[in-house]
Structures are given as C-alpha cells and as structure tokens.
Amino acid sequence: MEQSTPPPPPSDEDREAAMRIERARDEAERLAASLTRLWDGVVDAAAGTNNDDEHDPEGSTLAFEREQLRARRDQVRAELEALDLAAERLREGTYRVCERCGEPIAPARLDARPTARTCVPCASGARR
Ligand SMILES: [Zn+2]
C-alpha cells in the first residue's frame with residue numbers, strides 16, 4: 001500500500017512568490033474592472049452618436065477606442081490566466097522549474113516576472 005507523504009510546509013520563498021502572484025492578480029483584477037467601466041462608457045457613447053448620423057466623425061474614433069480597449073482587455077485576461085497558472089505551478093512545486101528544459105528558473109527572473117514559465121536561456125531562444 002502506498003503511503004502518501006504530506007507536502008512540506010511552504011518555504012519563505014514560496015510564500016513570498018505566492019504573495020507576489022496574489023498582488024499582481026489584485027492589480028490585474030482592478031485593471032480589468034476599470035477597463036470594463038471604460039468599455040461601457042464607450043459603448044454608451046457609441047449608442048448615443050450612431051443614432052441619427054452615420055457619418056459622425058466621432059464614430060471612427062469610438063470604433064478605434066473600442067478596438068484599443070478590447071485588445072487591452074484581452075491582454076489583462078491573458079495576464080490573469082497566466083497568474084492563475086503560476087499559482088497552480090507554485091502549489092504543485094513546479095514554479096521554479098523551466099517548462100521546456102527542466103532547469104531551475106533564476107529567482108531574479110521570477111522576481112521580475114512572476115508568470116515566467118521558462119528559464120532565461122529558453123526564453124531567449126539560446127537553448128534548444
Ligand atoms: Zn529552460
């Protein structure tokens with residue numbers, strides 16, 4: 001019968017990483033919320049201007065703004081997903097291991113970019 005060993009208590013390093021991920025997530029959530037508010041504003045404005053004049057010069061500006069907002073929002077969503085994945089990797093103990101080559105990821109890289117999943121050589125394409 002297999003004995004499962006209890007997971008080791010999180011190290012200080014892990015706790016710090018978890019906090020960093022959590023903070024980055026809060027920030028991304030706030031950004032997502034404000035982008036949604038901006039989005040609603042642009043949609044309302046578009047509804048107000050498109051009613052009677054299709055050639056309103058504001059129309060194209062709004063369309064452009066909407067595209068910008070959509071792109072930004074997609075970015076923030078991707079960031080949130082990456083942060084969730086980082087938290088999961090941290091729980092599974094694979095957070096500091098390069099996804100590609102299995103080598104450890106430099107702590108400084110994870111400090112600067114908590115969502116990094118590959119080591120510097122892999123990310124820069126130096127290692128194949
Ligand atoms: Zn690597």
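A residue counts as buried when its relative accessible area is under 20%, as exposed when that area is over 50%, and as partly exposed in between (1.4 Å probe, protein chains only). By that rule A45 is partly exposed, with a relative accessible area of 33%. A45 is found in helix α1. In sequence, A45 and L62 are 17 residues apart, and their C-alpha atoms are 7.9 Å apart in space.

This is a predicted model, in which local features need pLDDT of at least 70 and side-chain atom pairs count only at pLDDT 80 or more, while totals for chains, interfaces and linings use all residues. Residues are numbered from 1 along each chain as its sequence is written, and side-chain values use heavy atoms, with hydrogens and water left out.

Start with the whole chain. It has four helices and zero strands. Helices (H or I, at least four residues) and strands (E, at least two) are DSSP runs, numbered from the N terminus. Read from the N terminus on, the elements run α-α-α-α. Of the 128 residues in the chain, 25% are buried. The accessible surface comes to about 9,300 Å², by the Shrake-Rupley method with a 1.4 Å probe, where for residues only the protein chains shown count as cover. Carbon and sulfur atoms hold 50% of that surface. Now look at contacts, meaning heavy atoms within 4.5 Å. Among contacts in the chain with a separation of 6 or more, 53% join residues 24 or more positions apart.

Next comes the core. A nonpolar core is a set of buried Ala, Val, Leu, Ile, Met, Phe, Trp, Tyr and Cys residues joined through side-chain atoms within 4.5 Å. The largest one here has 22 residues, and I21 and Y95 have the most contacts inside it. The core draws at least three residues from each of domain 1 (12–49 + 56–94) and domain 2 (96–128). The domain bounds come from an automatic or database domain assignment. Find I21 and look around it. Leaving out residues up to four places away in sequence, I21 touches L83, A86, A87, L90, Y95 and P114.

Y95 is also touched by R89. R89 sits in helix α2. R89 is buried, because its relative accessible area is 8%. Beyond four places away in sequence, the residues that R89 touches are T94, Y95, V97, E99, I105, A116 and R117.

Now the metal. Which residues coordinate the zinc ion? They are C98, C101, C119 and C122, each through its SG atom, at 2.3 to 2.4 Å. Donors are N, O and S atoms within 2.8 Å of the metal (3.2 Å for Na, K and Ca); water is not among the atoms, so sites may look incomplete. Along the chain, the donors follow the spacing C-x2-C-x17-C-x2-C. C101 lies in the loop between α2 (57–92) and α3 (107–112), and C119 in the loop between α3 and α4 (120–123), so this pair ties together parts that are 18 residues apart in sequence.

Why is the arrangement tetrahedral? The four donor atoms subtend angles of 105 to 116° around the zinc ion, which makes it so. Four donors count as tetrahedral if all angles lie between 85 and 135 degrees. The ideal angle for four tetrahedral donors is 109.5 degrees.

Take the cysteines in turn. C101 is partly exposed, at 30% relative accessibility. C119 is buried, at 2%. C98 is buried too, at 4%. C98 lies in the loop between α2 and α3. C98 and C119 are 21 residues apart along the chain, yet 5.2 Å separates their C-alpha atoms. Besides C119, the residues that C98 touches include E103, I105, R117, T118 and C122.

Definitions and conventions:
Four donors count as tetrahedral if all angles lie between 85 and 135 degrees; four count as square planar and six as octahedral if opposite donors are over 155 degrees apart and all others between 65 and 115; anything else is irregular.
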